[in-house]
Amino acid sequence: MGKIEYIKKGQCIWCLKSKPEVKFYTKPHTIPKTLNSENIGFDICDSCNHFFGTDESNGVVSYSIDKITKEFFNVHKFLLSTKNSDSWKKFKSQFFRYYHTSQKLKIKVDYFRRPSYANEFTRKFKRGIYNIFLQEYHRVTENALDEKFNKIRDFVRYNNGDIPLHYLVSSNGVRINEDLKKPIQLPFNEYTIERIDKMGYYDFMMTGLFFYLSVTDDAVYNFETISNEAKNLIGSGFVFTKLIELKRIDQIDFTLRNWNK
Ligand SMILES: [Zn+2]
């Protein structure tokens, strides 16, 4: 009996290589396993899968793309969950430190003293978001090999170029309630898929954080529409306050004041 291969189109959506040049035996979690253990993809070769999950020995930021993404959302989930003082004692994070007196969670400053570190860290977080997007898109549509996603491949897999990630800043103290025990999902349906084709945008909310991804070259021509949509969502500013292009990860607000009750 042969080993299971995680394959449908027979070509890796990241490096575009096929068998026998590459193999497809590693179970590819399209979303880091601790955030969603259910969604298993295909057409992600063993070496690309390994690349996303393995820390680098050189490079400004050694942490793997998977680790940065997973840690970030886990910490945010923890913040939103019901806690007592004991939960805080148990709180451990590689990237965040909790300041009890000010009740603030901050990204460990050591990491952010150097702008080059902060930039690289933010870049890896962005690559992680686009990584999840393309793997989930392929799991649902089987169309990620389309050349319109070449820019995402270059950015995520080879660290070339840059793709903006827009973020809707939350009003201090307000988070939209989601069931935190549910695995993280990216919505794909007829509407979102058509929106990608027509606008080049894909947006989703994860644990109350709202992101707009520029997934194809069309996005740049449709920014005004997206910006107007965001304005409507913002409305009086109760839940969200403004749309920004994420330049540094600490633009995502982790202040606990008002909402850690
Ligand atoms: Zn590959």
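Which side chain does E194 meet in a salt bridge? Select K198: the N to O distance is 2.9 Å (a salt bridge is a side-chain nitrogen of Lys or Arg within 4 Å of a carboxyl oxygen of Asp or Glu). Before going on, note that this is a predicted model, where local features need pLDDT of at least 70, side-chain atom pairs count only at pLDDT 80 or more, and totals for chains, interfaces and linings use all residues. Residues are numbered from 1 along each chain as its sequence is written, and side-chain values use heavy atoms, with hydrogens and water left out.

Next, select K126 and D162, whose side chains form a salt bridge at 2.9 Å, N to O. K126 sits in helix 5 and D162 in the loop between helix 6 (150-158) and strand 3 (165-170), so the pair ties together parts 36 residues apart in sequence.

Last stop: the zinc ion. Its protein donors (N, O and S atoms within 2.8 Å of the metal, or 3.2 Å for Na, K and Ca; water is not among the atoms, so sites may look incomplete) are the SG atoms of C12, C15, C45 and C48, lying 2.3 Å from the zinc ion. Along the sequence, the donor residues are spaced C-x2-C-x29-C-x2-C.

Notes:
Helices (H or I, at least four residues) and strands (E, at least two) are DSSP runs, numbered from the N terminus.
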